[in-house]
Number of protein chains: 2
Amino acid sequence: MVKVQTLKGFRDFLPKEAKKRQYVINTLKTVFESYGFEPLETPALEYEEVLLGKYGEEGDKMMYRFEDLGKRKVALRYDQTVPLARVVAQYQNELPIPFKRYQIQPVWRAENTQKGRFREFLQCDADIVGSSSPLSDAEVIAVATKAVEKLGFKNFKIIINDRANFAGVEPLAIVIIDKLKKIGKEGVLKELAEKGLPTKSLDQILEKWPTENLKEITKVLNDSRVIFDSTLARGLDYYTGLIFEIEIDGYTAGSVCGGGRYDKLIGMFANRDIPAVGFAFGFDRLLEAMDELKLFPDDLQTTKALVTVFFKELKEKSLEVASKLRSNNINIELYLDENSSLEKQLKYADQKGIPYAVIIGPEEAKNNSVTVKNLKTREQKTIPQETLQSELQ
Amino acid sequence: MVKVQTLKGFRDFLPKEAKKRQYVINTLKTVFESYGFEPLETPALEYEEVLLGKYGEEGDKMMYRFEDLGKRKVALRYDQTVPLARVVAQYQNELPIPFKRYQIQPVWRAENTQKGRFREFLQCDADIVGSSSPLSDAEVIAVATKAVEKLGFKNFKIIINDRANFAGVEPLAIVIIDKLKKIGKEGVLKELAEKGLPTKSLDQILEKWPTENLKEITKVLNDSRVIFDSTLARGLDYYTGLIFEIEIDGYTAGSVCGGGRYDKLIGMFANRDIPAVGFAFGFDRLLEAMDELKLFPDDLQTTKALVTVFFKELKEKSLEVASKLRSNNINIELYLDENSSLEKQLKYADQKGIPYAVIIGPEEAKNNSVTVKNLKTREQKTIPQETLQSELQ
């Protein structure tokens, strides 16, 4: 007897959730494309050697790896940056430079499951490869900002820093200073002392000013929501210049977007430095923040009305009405069981959140009329068939 | 030294291809939703026991299976029907009945690689679960037909049959008769004789007429492109009533869509019969047919113009022009290297298929004008800045 269950750490998305996901994906794509970013798709599986050793020890451990039937060692996509680096090397004579691509695909990591941590999750990346101009740094921030706006967020901050501000600071001290917002100045000083690190490193960092690079980017951006924070660290091994995060006011689970410049990574397979700057949205966080702030539009339900089937002999009439509305580009569901009670049919419409029901009983059929029921107010009225379309619009 | 390559049997989709894929996916989604079908997403990985034994010996062999870090036996999604059956059983108290869902996700099969056969490919399914009414049979054909029309196909056939027409015919004879179009009547008779099967089974099948069920479905559909073909077989183990395929005139690689009624499958985990009817598009075939018949619109390139940067000191001007156009919802790319020659910038626009370039040199900057170059005709003209927007529209 098979146990009917979703694999541990994985998720099903039933229609209500799936529609929200599509709404966010479509919004991101539209914004990305409005700045000339183009879609890229890479396979779920890669040769293991392409991915292995690129994400540190921790990454190798969390990677889904196995041997395929042809005894090839393969691994499931762990992120979209290493595959991008492979594509950049493999197709270097075909790709326009700068190569501006976005990529929205699931990745797989054998994380310890806990609240908000899943083993399959969507990554939404946009990057510019092959340009070291501060114009590119400004552009990735601009496109991320526009996306956040388009999703409906009103109040948010764009926090920026330059990796250069950490020059000479020990990596472990940086990790501790990065916690400043969480544990406060006292906490940071205490931890630095405990680890035998110079407590003055905190002051050194706090005293830093925007670099020339940041000044240039900020000038190009010309956005008052940009805030310099010398303690913003992110993954320092990776970044070589600008780093930034977007924080939504009132959403406390963390930043919804993060990125920066990483000029030493994308060339890993091409065997030369290739400048790159980009960002990733935290898709699950975006959805959570939108839910909390009630930013999803009401009309994710695209069906306008359920055309019910009063009884078997009248189904042709219902079909005719449904077809006519559909041919006028109104999204219509026809109830698909001519033996169900009207009550059951209306319940179905309620369950799916369909706003109107159209009823054609014997009286209506005789008079070429229809009854329209508003399923929110429960009001109903009988109108001539030819006015139904305008009634629903 | 890592070999830079895509895994055997897998594909990268660079922007040009990826845009075509998105265009088809978006068109399918729009049509599916216009009939009240809703999206469903299931995970890439399932417990092996959920999938194993559901696709015959051949299927088990081609399945990507492995042990995860928690020693769970897992398998990659092989199709979307068995996961749908799991979802129907697992969430039976939450789902509306009938449950009309579509699902567009990749599946993985360790096929022998050959022309048009890949180990990762997109499946596009739409199904109605929980209704045995012929209205549902007609609706799945109607929605598939509408999708084919929306993609731009003008001439195609919808071939239908009823599984009942094969009652009493030996499975092996059915497989041979199914080849009628390929090998002709002579070929079928010869193969039947070779296998020691009664050659009269061909005549038996050819003499069949539409069943009452098919008559009812055809009446509801009322579409002259529907053609009855008693030799259409498809996967008979699976189907229990209607079967259908859509064939595009002039595209010879095979049908682009196939489906039917399968009332004994979806209940496999719920331990009762649950009626279902649906179809799948062959995504790769759809794309190939659209390419051959030149059905992709020219404007998959969404960027209207590249705003070039004449030289470093004038970049603010270019930025200003780009920002203004963008704020008026025109998709604009700004060239991201202020040190590149104009020639290089125009070449970039050509490479990406961007139709216009906007040039702001010292003269233009002084006179508040811009030069617009049509990159197809290579014509250019200098116009006042305030008329640029209407020029591009």
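**Salt bridges.** I began with A:Arg101 and A:Asp127, whose side chains meet in a salt bridge at 2.8 Å, N to O. I count a salt bridge when a side-chain nitrogen of Lys or Arg is within 4 Å of a carboxyl oxygen of Asp or Glu. A:Arg101 lies in strand β5 of chain A and A:Asp127 in strand β6 (residues 120-129) of chain A, so this pair ties together parts 26 residues apart in sequence. For helices (H or I, at least four residues) and strands (E, at least two) I take DSSP runs, numbered from the N terminus.

**Ground rules.** This is a predicted model, and I noted that local features need pLDDT of at least 70, side-chain atom pairs count only at pLDDT 80 or more, and totals for chains, interfaces and linings use all residues. Residues are numbered from 1 along each chain as its sequence is written, chains are lettered from A and ligands numbered from 1 in the order in which they are written, and side-chain values use heavy atoms, with hydrogens and water left out.

**Around A:Asp60.** I found A:Asp60 in helix α3 (residues 56-62) of chain A. Which residues does A:Asp60 contact, leaving aside its neighbours within four places in sequence? They are A:Leu52, A:Gly53, A:Lys54 and A:Arg65, where contact means heavy atoms within 4.5 Å. The side chain of A:Asp60 reaches the backbone nitrogen of A:Gly53 at 2.9 Å. I also checked A:Glu48, 12 residues from A:Asp60 along the chain: their C-alpha atoms are 9.9 Å apart.

Most residues other than glycine have a negative phi, and most peptide bonds are trans. I looked for exceptions. The bond from A:Ile97 to A:Pro98 is cis, with omega near -5°, and A:Pro98 sits in the loop between α4 (81-90) and β5 (99-108) of chain A. In chain B, a cis peptide bond joins B:Ile97 and B:Pro98, with omega about -5°. A:Asn271 has a positive phi, near 60°, and belongs to the loop between β10 (257-261) and β11 of chain A.

**Aromatic pairs.** I get 25 of these over all chains. Rings of Phe, Tyr and Trp (its six-membered ring) pair if their centres lie within 6.5 Å; planes under 30 degrees apart count as stacked, over 60 as edge-to-face and the rest as tilted. A:Phe32 and A:Phe279 make an edge-to-face pair, 5.9 Å centre to centre with 70° between the planes. This pair links distant parts of the chain: A:Phe32 is in helix α1 (residues 15-34) of chain A and A:Phe279 in strand β11 (residues 276-282) of chain A, 247 residues apart.

**Where the chains meet.** How many residues does each chain bring to the contact? I get 96 from chain B and 95 from chain A. Together they bury about 8300 Å², 57% of it on carbon and sulfur atoms; buried area is the accessible area (1.4 Å probe) that two parts lose on being put together, summed over both. Between chain B and chain A I count 16 salt bridges. B:Lys352 and A:Glu38 meet in a salt bridge through their side chains, at 3.9 Å, N to O. On the side of chain B that touches chain A, the largest share, eight residues, comes from helix α1 (residues 15-34) of chain B.

**Symmetry.** I superposed chain B on chain A: a rotation of 180° with 0.0 Å of shift along its axis does it, with RMSD 0.1 Å. In chain B, the C-alpha nearest the axis belongs to B:Phe66, 3.2 Å from it. The same surface serves both copies, as 99% of the contact residues of chain B recur in chain A.

Definitions and conventions: Least-squares fit on C-alpha atoms with pLDDT ≥ 70 in both. Polar contact = N/O pair within 3.5 Å; in protein donor to acceptor, adjacent residues only side chain to side chain.
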